[in-house]
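Here are my notes on the model, point by point. Please keep the structure open as you read.

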Amino acid sequence: MTEKDFEVHDPQALAQARAILTASESPREWAKAVVEAVQRNDEWRGKRCINLLAPEAPTSPTVRALLSSEIGTRAAEGHIGRVNRWFAGTQHIDEVEALCVELLKLAFRCRYADHRLMGSMLGNMAVYHAMAQPGDVIMSAAQPFGGHSSNRVDGPAGMRGLQIVDVPFDPLELEVDLAEFARAARQARPKLVVMGMSMTLFPLPVREMSEIIAEWGGKFIFDGAHQAGLIAGGQFQDPLNEGAVVLTGSAGKTFSGPQSGIILWNDPELTRPLADTIFPVLAATHQVNRVAALAVSAAEMLEFGKFYMAQIVRNSQALGKALDERGIPVVGARRGYTRTHQVIANVKQFGGGLDVAHRLAQANLITNKNLVPGDQPEDWDRPSGLRMGTIEVTRLGMREADMETIAGFIARVLVENEPPKQVAKDVEDFRLPQQVLYYNFDHGMPPWAQ
Ligand SMILES: *Cc1c(COP(=O)(O)O)cnc(C)c1O
């Protein structure tokens, strides 16, 4: 292949798409092909799979309906209010957005909230633009310990031209090495310490780290993309009360709303720099349908979050234990496996994360490969770990005993080497009767909890 032909996407997948376009001359047929692929996903992933992807959450029927509402076709740039907007006719959009902001403040028990960014990626970018200058030093966690590209050299932090120093981790326990952090931080004197953990099992020492960096005025940012729902539901640490000055989050992970970024803070001095970065730097039209859906998911979180998130944590602990008992090594076993929605297994002995995730997907068990301690950044494509999350299975009303069943399916593929297709049949039989999503105003609590 010459450089001229280079495609970053899988060439076979693109060739298949081109084959559809050449097989018919009709744009109507092409549109139909798109709709049918969506339907196939709905039928398979939506109804027949056990989805254990940690960054996914199924939204409630009301939230899903709002995502296709008329309001999503309207343009509303700028801050909420008659004078602030460029466009007239936005009074009902203002109502929706103001409710969203106030519901987010309530859900996260904080003074300020913003709802306009499409993802946490942009939330973190807003922080780097508003609170740092090119050349500043920050500290963040490296990917093998669970860090995320948005806070590293290959993401927004790098794009802002920041110098990035690693937060030292204990390689076995997957926790911040506080003594080593104190030493490294006092030497580097970072302006910001940004902890964003995509692999997250236990709370972070936010208070201790914030106190150390306060010595030179350094600020702690908690990128709670994954943990936002757990934080709102009061089932995890509360970073804004422990020394973090900004909390960013993804609404589509544990928060179980539409895929969105949220930014939360308490200090009025941060309001101007953050707001000026959100608009006009990073958001113009910002998908008001998504904002409406976000507002309703915040209300769901206020009503159901405590029970929903507590059950998510109980389920992931049960899943970790059940996998461990079936011969699949689980990270954090000594500390009770997890205090979040995630379970991390080391599947090196079963062929590594890439191969295992694809074998499990053939059995309708959807997970993802993950770097784990011991892996190098170069192992990115073929890491040793497997990451699982219990958000969706919990919202389907499942409990601890169901996690034993799921661990049994996983062990049949990995430990007993059963053909995945054979296991897929039993996974479907287990999943097909369970289609109702709970912890929302459409269906309330699961029947066993009523
Ligand atoms: C998922 C994730 C992000 C990116 O979130 P999006 O909402 O998908 O943009 C940022 N930081 C961390 C730690 C994440 O896990």
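1. Which helix holds valine 38? Valine 38 sits in helix α2, residues 27–48. Helices here are DSSP runs of H or I with at least four residues, strands are runs of E with at least two, and both are numbered from the N terminus. Valine 38 is exposed because its relative accessibility is 54%. The cut-offs: buried means under 20% relative accessible area, exposed means over 50%, and partly exposed lies in between (1.4 Å probe, protein chains only).

2. A word on the source. This is a predicted model, in which local features need pLDDT of at least 70 and side-chain atom pairs count only at pLDDT 80 or more, while totals for chains, interfaces and linings use all residues. Residues are numbered from 1 along each chain as its sequence is written, and side-chain values use heavy atoms, with hydrogens and water left out.

3. Back to valine 38. Val34, Val35 and Val38 make up a nonpolar surface patch. Together they have about 260 Å² of accessible area. Patches are made of residues with over 30% relative accessible area and no salt bridge; like charges are joined within 9 Å, and nonpolar side chains (Val, Leu, Ile, Met, Phe, Trp, Tyr) within 5 Å. A salt bridge is a side-chain nitrogen of Lys or Arg within 4 Å of a carboxyl oxygen of Asp or Glu. Accessible areas come from the Shrake-Rupley method with a 1.4 Å probe; for residues, only the protein chains shown count as cover.

4. Now the seven-stranded sheet. This open sheet has the order β2-β10-β9-β8-β7-β3-β4, and its pairing is mixed. Two strands pair if DSSP finds at least two bridges between them. At the edges are β2 (112–114) and β4 (163–166), each pairing on one side only. Neighbouring strands of this sheet are turned by 20° against each other on average, direction ignored. Axes are lines fitted to C-alpha atoms, for helices over the stretch in contact, and angles run from 0 to 180 degrees between N-to-C directions.

5. β3 (residues 137–140) pairs with β4 in the parallel sense, over four bridges. Valine 137 stands opposite glutamine 163 in β4.

6. Two helices to inspect here. Helix α4 (residues 91–108) lies across β2, β9 and β10, at about 125° to β2. Helix α5 (residues 120–131) packs on the sheet and touches β3, β7 (192–196), β8 (219–223), β9 and β10. The direction of α5 makes about 155° with that of β9. Contact means heavy atoms within 4.5 Å.

7. Next, the three-stranded sheet. The order is β11-β14-β13 in an open, antiparallel sheet. β11 (342–346) and β13 (368–370) each have a single partner strand, so one side of each is left without a neighbour in the sheet. Neighbouring strands are turned by 35° against each other on average, direction ignored.

8. Look at β14 in detail. Five bridges join β11 to β14, and glutamine 342 stands opposite glycine 389. β13 pairs with β14 (residues 385–389) over three bridges. Asparagine 368 faces arginine 387 there, and lysine 369 has leucine 386 as its bridge partner.

9. Is β14 buried or exposed? Five of its five residues are buried. Gly385, Arg387 and Gly389 are on one side, and Leu386 and Met388 are on the other. Helix α11 (residues 288–325) lies across β11 and β14, at about 15° to β11. Helix α12 (residues 353–362) lies across β13 and β14, at about 45° to β14.

10. Serine 297 is buried, with a relative accessible area of 1%. Beyond neighbours within four places in sequence, serine 297 contacts Val63, Phe255, Ser256, Gly257 and Pro258. Serine 256 lies in the loop between β9 (244–250) and β10 (261–265). Serine 256 also counts as buried, at 1% relative accessibility.

11. Finally, backbone checks. Serine 256 has a positive phi, near 65°, in a residue other than glycine. Asparagine 417 has a positive phi too, near 55°. Asparagine 417 is in the loop between α14 (400–414) and α15 (420–431) and is exposed at 56% relative accessibility. A cis peptide bond joins phenylalanine 279 and proline 280, with omega about 15°. Proline 280 is in helix α10 (residues 271–282).
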